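Subject: Structure for you to look at

Hello,

Here is the structure I said I would pass on. Please open it first, then read the notes below it.

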Amino acid sequence: MTDTPTRPSLPIDPAIAPPGTRNFRDAGGIPADKWHADQNGETLVPTHCCFCGVQCGMYLRVDRHGKVFGVEPRNHDINRMRLCPKGINAYQQVNHPDRLTAPLLRRSRDEPFREASWDEALDFTVAEIRRIQRETGNDSFGMLGGASLFSEKTYLVGKFARVALKSKHVDYNGRLCMVSAAGANKLAFGIDRAGNPFSDILLSDCLLIAGSNVGECFPVMTQYIWGARDRGAKLIVIDPRETPIARTADLHVPIRPGTDSAFFNAVLHVVIREGLVDKDYLAAHTTGWDEVRETVAGYPPERAAEICGVTVDHVEQVARLFGGAKNAMAWHARGVEHHSQGVENCLSIINLCVATGNIGKPGAGYGTITGQGNGQGGREHGQKSDLLPGGRSITNPEHRRQICEIWAIEEPDLPQAGTSMMEMVYQMQRGEIRGLIGTCNNPFVSLPNHKVVKDGYDKLEFHAQLDFFLSETAENAHVVLPVTTWAEDEGVMANAEARVVKHNKAQDPPPGVRTDTWVMCELARRLGAGDKFAFAGSREVFDELRIASAGTVNDYYGITYERLEETGGIAWPCPSTDHPGTPRLFEDGKTYHADGRIHLQVVEWHPPMDPYSDEFPLSLTTGRTVAHFLSGNQTRRLGALVEQTPRPWVEVHPSHGFRNGDPVRVVTRRGSTVYPALVVDSIRPDTVFIPYHWPAPTAANVLTMDALDPRSKIPEYKVCAARIEAAEAIDEVPAPPVPPGREAYPETQVSRTEPFPPTAPQGRGTSERS
């Protein structure tokens with residue numbers, strides 16, 4: 001492409017203009033009227049990747065027939081021409097032969113699916129909703145959304161559940177990743193988002209990455225870490241595995257899974273002991289410091305070393321590097337959050353940042369790396385069980401009044417708080433929830449303790465699922481409604497920085513496919529609530545979302561589609577259309593609590609919920625790979641990604657005596673599965689790792705437990721007691737489901753029985769194959 005107009009590149013010298021900070025509004029996309037390419041008949045549509053919370057900018061290549069056929073990286077200031085393997089291949093799902101193109105229906109799970117008309121599928125769905133609610137009340141029907149939906153659609157999920165279904169039971173799959181950080185952020189700061197833009201990483205003198213495999217899960221984010229390293233910043237990585245980012249660190253601390261808060265309490269203990277506390281900052285801007293200081297006095301490094309399986313020197317080095325830096329930042333992800341003490345783990349890191357005065361400054365702060373594309377925006381506007389749009393509390397009378405006025409309903413008609421995603425599964429088991437609509441989620445792969453999940457869903461009398469591929473969960477439903485991919489609709493997402501970006505429609509959906517927006521509005525109309533859902537499309541929904549968020553902590557009112565097109569992204573809160581957005585929080589030392597202070601919280605460590613024993617002496621932990629995303633419903637269909645990582649494996653230390661490809665049975669109190677061994681010396685000897693993107697019987701979540709954090713209700717994915725033993729043959733990986741009558745797509749739709757782990761080595765010291 002030679003003639004495509006672009007904005008001048010921002011200086012890469014962070015001392016001049018760190019992208020996303022001082023010149024935040026001047027970077028990014030190009031106006032819609034400039035979409036063109038120099039190849040005859042081809043159009044370049046600027047948009048963003050559909051996968052992780054980095055939200056890389058890209059161009060989708062559209063041919064003269066209006067079909068997406070390729071991708072090019074975009075010089076957006078988030079990613080600056082970089083895309084990861086998933087981003088490069090994302091466009092292939094748009095016109096994939098596995099796409100659902102007609103509603104599927106069966107009145108009983110004993111019947112096979114058949115294609116149905118939209119009228120028949122929606123009429124049946126509405127009839128079942130009415131039957132179930134007539135027999136056992138409105139709350140016997142629930143809805144589950146997803147954090148990869150545009151914010152407009154997440155807004156509709158919450159409104160549809162509460163206004164059309166009139167049910168309190170609505171939640172979303174962000175419950176499986178971000179809610180521990182959200183809970184900690186709200187307790188400490190009164191606001192739920194990262195405090196700094198990515199560009200602040202470039203200005204840091206010390207970076208602490210905890211429980212985040214950045215190199216594989218957020219590959220393009222590594223450019224910021226490398227940029228800081230080029231300036232001389234120190235890098236600390238806390239992880240039981242020596243991940244790709246850990247291999248580049250000044251200090252890698254191979255912590256025992258489930259011991260994070262004990263470790264960070266001990267680090268703060270040493271910071272206090274060595275006089276590295278910012279006393280002036282604590283006195284001016286915090287509450288609760290005396291109680292925190294008293295608590296961490298009980299966590300000397302010797303105690304943490306014993307609990308965490310590391311050395312005293314590890315604890316002391318982290319304290320000196322982080323506490324002694326002029327500007328230090330901490331970022332964490334699911335490795336810290338996926339625990340029964342996930343909120344406490346996050347709070348222990350916040351305490352460290354605040355005690356050292358590393359809050360609200362260029363190069364100094366705290367943030368969470370969101371896993372899903374709209375992991376941030378997906379929890380802001382009402383699909384979470386306890387929240388209303390704008391991050392309002394559903395139990396706050398004034399918040400309820402405000403939303404009822406916007407929605408034109410009476411306050412008694414607005415349901416109270418519901419339960420979390422995993423708790424809803426328990427209610428399905430007990431028959432309290434008898435019907436369900438799900439969109440943008442695949443709990444048969446993503447939820448822990450698969451046996452319990454399958455049992456809960458099997459007991460549903462009616463289940464409808466919206467998706468563009470037939471997922472393992474949709475395959476178990478009564479009705480499957482085909483909806484659009486991200487490239488066939490427009491809308492916004494908020495990335496890990498809380499930067500709201502605009503996704504643009506690149507092609508029309510296939511005949512027979514509808515947007516999630518259309519489906520929810522049409523169902524609402526048939527349920528008698530059509531006047532509350534008179535939206536022609538995403539733009540009208542976004543206009544109502546802006547109004548519904550106005551004046552809240554999560555204020556989107558000043559963000560418009562036109563501004564996003566022009567600027568490439570605006571960080572909320574943004575209360576007016578002449579407001580520049582807020583890339584960095586707390587610059588004035590004030591938080592969003594009424595007193596303006598940071599509320600430090602006491603944290604006490606407690607062991608994981610699954611006890612170790614002679615029978616189960618090891619820690620099982622789970623995570624992602626660079627080639628796949630979440631439940632794999634999208635990426636397990638893309639040939640290049642399947643070729644790169646065709647199946648799951650178990651990562652084991654050489655001390656266990658296995659060789660690469662040996663069948664290894666992993667056993668927990670929930671079940672067992674046999675995987676090929678990937679033998680590496682980059683993992684703790686007492687820990688094994690399994691990626692979780694595949695379904696049963698090879699699902700990591702056949703093994704994981706469903707213990708929940710008591711505050712955030714996040715499952716404890718990252719640690720459970722296990723053992724490993726030699727087996728005869730590895731378990732077969734099922735092919736992804738395809739619609740009835742459809743031929744399997746031969747490049748990817750095959751069961752995987754290869755005896756070897758991935759062709760691309762995933763860890764340092766990978767043994768030679770025999």
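**Cavities, a pocket and a helix**

The lining of the second largest cavity is made up of nine nonpolar, nine polar and seven charged residues. Here Ala, Val, Leu, Ile, Met, Phe, Trp, Tyr, Cys and Pro count as nonpolar, Asp, Glu, Lys and Arg as charged, and the others, Gly among them, as polar.

This is a predicted model, in which local features need pLDDT of at least 70 and side-chain atom pairs count only at pLDDT 80 or more, while totals for chains, interfaces and linings use all residues. Residues are numbered from 1 along each chain as its sequence is written, and side-chain values use heavy atoms, with hydrogens and water left out.

On a 1 Å grid over the protein atoms alone, a cavity is a set of points where a 1.4 Å probe fits but cannot get out; a pocket is an open set with protein on both sides within 12 Å along at least five of seven lines; lining residues have an atom within 4 Å of a point. Points are joined across faces, edges and corners, and a volume is the space filled by probe spheres set on them.

The second largest cavity holds about 350 Å³. Among its 25 lining residues, G211, D239, G335, T622 and K718 lie nearest the centre. Strand 23 (618-623) gives the largest share of this lining, three residues. Helices (H or I, at least four residues) and strands (E, at least two) are DSSP runs, numbered from the N terminus.

The whole structure has eight cavities of 30 Å³ or more.

The largest pocket contains about 590 Å³ of space. It is lined by 36 residues, and K186, K384, D386, L387 and G391 are the closest to its centre. Helix 4 supplies the largest share of that lining, five residues.

T552 sits in the loop between helix 19 (538-549) and helix 20 (561-567). Why does T552 count as buried? Its relative accessibility is 15%.

Regards

Methods
Buried < 20%, exposed > 50% of the residue type's maximum accessible area, 1.4 Å probe, protein only.
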